[in-house]
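Have a look at it first.

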Amino acid sequence: MRIAVAFFLALAGFAATTVTEQQLRDAQTDPATWLTYGKNYAGWRYSELGEINTSNVSRLAPRWIYQTGQSGSHETTPLVFGGMMLVTGPSNHADALDLLTGKQIWHYHKAPPSGLGLCCGEPNRGFAALGEKLFKVNIEATLVALDARSGSVLWEKPIDDYKKGFTATGAPIIVKNRVVVGMAGAEFGTRGFIDAYDASTGERAWRFYTVAAKGEPGGDTWDGDSWQRGGGSTWITGTYDPELNLIYWGTGNPGPGMDGSVRGGDNLYTCSLVAIDADTGKLKWYFQFTPHDTHDWDAVADPVLLDMTVKGEKVKAVVQADRNGYFYALNRTNGKLLAAAPYTKITWSTGIDAKGRPQLVPGMDPSEEGTKVCPSLGGGHNWSATAYSPQTKLYYFGSTDRCHLFYLHKQEYRTGQWYQASTEAEIPNEPGAGAVVAVDPATGETRWRFEMVSPTSAGMLATAGGLVFTGDGHGYVVALDARTGKPLWHFQTGGNIIAPPITYSLNGKQQIAIAAGTSIITFALVN
Amino acid sequence: MNLRVAFLVACGAAYAQTTDNPLAHEPQVVTAGYSVFRIYCSPCHGIHAQGGRGPDLTRGIYHSGEKDSDLFRTISDGLSATEMVGFGLDMSDTDIWRIVAYIRSVANHEAPAVPGNRADGEKLFRANGGCGACHVVRGRGGRMGPELTRIGRQRSLEYLRDAVLDPNKEILPGWTAITVTRLDGTKLTGVERGLDNFSVQFMDMEGNYYSFFRADVASIKREDRSLMPADYGQRLKAAEIDDLVAYLVSLRGTETLH
């Protein structure tokens with residue numbers, strides 16, 4: 001839909017409640033809406049809206065607050081179209097909200113079963129939309145399709161068996177007529193995968209296992225039958241290049257997370273970025289950031305797709321700020337390393353070689369007495385959403401700057417039970433801090449840092465107004481100058497922020513929305 | 001109340017009618033419970049449940065109730081007005097029961113010997129030690145340090161001894177020293193009451209409360225040190241330290257352990 005038409009329909013108090021595949025491909029050209037997890041298929045989380053900018057952001061003020069009434073982590077990326085904001089909440093709750101007033105239009109809930117294998121609560125990170133349907137995962141590893149106008153359940157399909165430790169938390173993405181989803185549960189001895197389901201029927205079209213089985217390419221990177229419990233969760237949404245017809249998805253830690261002795265080898269394709277054919281689910285290439293990881297450094301962070309100039313050559317790139325402390329830029333046609341650079345304190349490695357393999361410091365594995373390693377278990381940048389601004393040509397993400405003591409704890413595998421073989425501990429009087437980091441994606445060079453008192457799990461949003469929006473663990477929504485990192489505005493929401501902001505327009509006025517605490521809050525300029 | 005919480009409360013109500021752990025006789029339940037304990041509980045209760053920042057669980061004394069169902073409820077819901085948070089949304093009921101089984105398995109019901117004289121320790125606390133100038137016990141004392149009315153329940157003996165001798169060994173969030181330099185160059189120092197990316201709150205030695213936006217001051221410095229004197233090891237004799245620790249161990253809220 002053209003911007004002008006969308007604008008007219010919005011003015012008329014009417015907006016279409018359908019999303020087409022073409023709209024998803026063109027999502028970057030329609031700043032009035034937010035149609036998919038990463039704003040566009042490339043995962044930029046960048047909006048062309050510039051009404052709110054560096055000179056007037058100080059006049060940003062709340063417009064409405066919707067209190068979800070649900071406890072638990074609110075990590076949703078809201079979708080906005082058809083006059084509605086569509087938000088998922090923890091523990092299988094979801095809402096459609098009136099965009100003008102924030103009033104609830106419908107509510108969805110399905111009580112989670114007992115006996116779930118949970119590492120980190122029951123969060124959910126958002127809907128996907130196609131046609132008149134919305135798609136979300138439920139925590140017990142199902143995929144559900146809802147009618148966007150009523151919230152009615154159209155179908156629900158099991159992704160896998162929650163009794164074996166599988167759960168699901170990430171937002172799906174739509175690729176053509178399919179819904180692509182990941183799973184969670186690497187801490188429970190599961191074997192990870194990425195699935196694609198027919199959007200109309202819910203039938204599974206393909207599955208790509210992120211852990212290579214014995215006899216398959218990469219299967220020799222696992223000792224014995226350890227691949228069967230190999231982890232490699234896919235709990236954060238990937239990206240899609242329609243031209244190359246490739247889906248890019250980050251994979252999580254191997255299982256058991258910190259006892260590497262029972263799974264000798266590189267453990268492909270854990271802690272990796274995989275590029276898979278969108279039609280068949282077949283692997284095109286992979287890049288493993290942390291071979292044989294023993295520190296829980298999932299490589300699930302957003303794989304963001306950029307076309308940029310590296311050493312004088314134009315290249316189709318994919319970038320990721322990895323949990324292991326390094327920022328990476330890869331050629332997204334073949335997975336070759338373009339650049340790698342640390343963005344936080346790293347003690348486990350002295351660098352990355354030309355092929356992309358980390359050069360290891362000995363003695364950094366978890367131990368009975370505890371091994372101090374930086375970054376911490378949550379890594380430098382973990383899962384929170386990142387942003388790329390084509391205006392500044394900078395890549396923005398949150399970093400945790402902290403070390404941990406990693407303890408080894410031998411463990412027998414039992415179906416559906418916690419299987420991490422480890423624990424970690426804070427180092428007394430080294431509480432760790434956080435930062436918003438702006439990196440030149442062509443080199444990995446850090447351009448600026450906005451230092452934070454404590455680690456942040458809030459996501460990023462970049463806008464044509466020269467701004468980066470984010471939040472923090474103390475309840476502030478924050479606007480930074482995208483070029484310098486200077487804080488220009490903040491607002492205390494009263495709730496911990498562990499979600500990314502989004503932006504859209506309503507009746508021609510730019511709005512910002514974010515989940516904070518147990519609320520959804522929107523902001524616009526006031527005179 | 002959301003449905004999940006309602007569900008947990010309902011579960012709690014059902015469990016309250018049973019005193020036995022439904023998994024108590026499951027093979028390997030203690031080992032499985034220890035695995036979960038190591039992840040969620042050991043940061044405060046120690047890697048062998050011997051206590052630390054949190055209570056020693058090997059004594060088999062549970063102040064929130066003696067039944068298995070009481071332990072389940074405490075782990076699931078937490079204990080209000082304490083540092084014990086609830087884990088009901090982070091772990092399954094099954095895992096909570098496994099932890100209960102592990103906690104039961106390590107309870108040896110033997111209280112560690114507490115050297116020292118509690119009554120002498122109390123005198124020291126109020127007089128020569130000067131502790132009461134900064135710490136409240138049952139409504140009496142200063143405000144600069146944490147209240148200690150229940151500290152004998154909350155911390156292990158060894159933790160309390162360490163805290164007296166080396167207050168900088170572990171400074172809990174919210175008790176670091178803050179120094180603010182104002183725009184006119186004057187400095188204010190006190191105990192942190194809040195510090196975030198845009199503001200600071202603290203209380204000075206006279207009990208005056210301050211709050212500033214970062215933009216309105218020249219600098220804010222958080223120091224990794226406690227304002228508590230670090231020289232009690234030199235100022236007090238070993239026997240006096242024992243007395244003081246004995247007094248701290250005895251502080252259990254409204255009741256006193258003799």
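This is a predicted model: local features need pLDDT of at least 70, side-chain atom pairs count only at pLDDT 80 or more; totals for chains, interfaces and linings use all residues.

Residues are numbered from 1 along each chain as its sequence is written, and chains are lettered from A and ligands numbered from 1 in the order in which they are written.

Chain B has 10 helices and seven strands, taken as DSSP runs numbered from the N terminus (helices are H or I, at least four residues; strands are E, at least two). Of its 258 residues, 33% are buried, meaning 20 or more other C-beta atoms, placed from the backbone, lie within 10 Å of the residue's own.

Helix α4(B), residues 68–77, is mostly covered, with eight of its 10 residues buried; among them are Leu71(B), Phe72(B) and Ile75(B). Just after α4(B), Gly78(B) has a positive phi of about 80°.

Now for a helix pair. The axes (lines fitted to C-alpha atoms over the stretch in contact, with angles from 0 to 180 degrees between N-to-C directions) of α6(B) and α10(B) come within 7 Å and cross at roughly 95°. The two are therefore roughly perpendicular, a label for 65 to 115 degrees.

| Helix | Residues |
|---|---|
| α6(B) | 118–126 |
| α10(B) | 238–250 |

Between the chains, the contact (C-beta atoms, placed from the backbone, within 7 Å) takes 33 residues from chain A and 28 residues from chain B.

How values were computed
A residue is buried if 20 or more other C-beta atoms lie within 10 Å of its own, exposed if 12 or fewer, and partly exposed in between; C-beta atoms are placed from the backbone. Two residues are in contact if their C-beta atoms, placed from the backbone, lie within 7 Å. Angles under 35 degrees count as roughly parallel, over 145 as roughly antiparallel, 65 to 115 as roughly perpendicular and the rest as oblique.
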